[in-house]
Amino acid sequence: MLDLLLIPAALLLALALRAVRRGEHRLHGHLMVATVTVVLLRVLLHPRTLAAHHLTLWLVLLGAAGGTLLLGRAALAWREGRSQRAGLPRLHRAAGAFTLLLTAFTLAVWFLRDRS
């Protein structure tokens, strides 16, 4: 039943990616934080049902998402002229692509798990 929390997370992710395409970088950041929060709530609400390898995979995903969020804050600071590091947006995009691939892998493993 808690897997239903992944539906709003997917919707928030889609809205966040649409926001960044339209150039609304702050909105993108807020929506991505909301997405990570919903996924984190799903993992924290019932960790006993997670096998050790599933819990590890979810925690690695959340760690990658947290790192990407921190890089996103730094990239936004550069974009707004509060930083001199011009390579941060590129690094944030690469980390975001890695996190998106890790998300797809984690969800595939999660939905294909043996429920018996």
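In what order do the elements of the protein chain run from the N terminus on? In this predicted model, the order is α-α-α-α, and the chain accordingly holds four helices and zero strands. Taken along the principal axes, the C-alpha atoms of the protein chain fill a box of roughly 55 × 20 × 20 Å, and buried residues account for 33% of the 116 residues.

**Helix packing**

| Helix pair | Axis separation | Angle | Handedness of crossing |
|---|---|---|---|
| α2 and α3 | 11 Å | about 165° | left-handed |
| α3 and α4 | within 9 Å | roughly 160° | left-handed |

For α3 and α4, the axes come within 9 Å and cross at roughly 160°, which means that α3 is roughly antiparallel to α4, given that angles over 145 degrees are classed in this way. By class, the contact of α3 with α4 has 20 nonpolar, eight polar and one charged residues. The helices α2 and α3, for their part, pack at an angle of about 165° with their axes 11 Å apart, and therefore α2 is roughly antiparallel to α3.

**The segment before α1**

The residue L5 is placed in the segment before α1. Although L5 and R42 are 37 residues apart along the chain, their C-alpha atoms are separated by 6.4 Å. Is L5 buried, exposed or partly exposed? L5 counts as partly exposed because its relative accessibility is 26%, a value to be read against the cut-offs of under 20% for buried and over 50% for exposed.

**The largest pocket**

The largest pocket holds about 1,200 Å³ of space, and its lining is made up of 39 residues, of which H28, M32, T68, L69 and H92 lie nearest the centre of the pocket. Which helices supply at least two residues each to this lining? They are α1, spanning 6-21, α2, spanning 25-45, α3, spanning 52-79, and α4, spanning 88-111. The largest share of the lining, 11 residues, comes from α3, the helix that also packs with α2 and with α4.

Notes
Residues are numbered from 1 along each chain as its sequence is written. This is a predicted model: local features need pLDDT of at least 70, side-chain atom pairs count only at pLDDT 80 or more; totals for chains, interfaces and linings use all residues. Side-chain values use heavy atoms; hydrogens and water are left out. On a 1 Å grid over the protein atoms alone, a cavity is a set of points where a 1.4 Å probe fits but cannot get out, and a pocket is an open set with protein on both sides within 12 Å along at least five of seven lines; lining residues have an atom within 4 Å of a point. Grid points are joined across faces, edges and corners, and a volume is the space filled by probe spheres set on the points. Axes are lines fitted to C-alpha atoms, for helices over the stretch in contact, and angles run from 0 to 180 degrees between N-to-C directions. Angles under 35 degrees count as roughly parallel, over 145 as roughly antiparallel, 65 to 115 as roughly perpendicular and the rest as oblique. A crossing is left-handed if the near helix is turned anticlockwise from the far one by less than a right angle, and right-handed if clockwise. Ala, Val, Leu, Ile, Met, Phe, Trp, Tyr, Cys and Pro count as nonpolar, Asp, Glu, Lys and Arg as charged, and the others, Gly among them, as polar. Buried means under 20% relative accessible area, exposed over 50%, partly exposed in between (1.4 Å probe, protein chains only).
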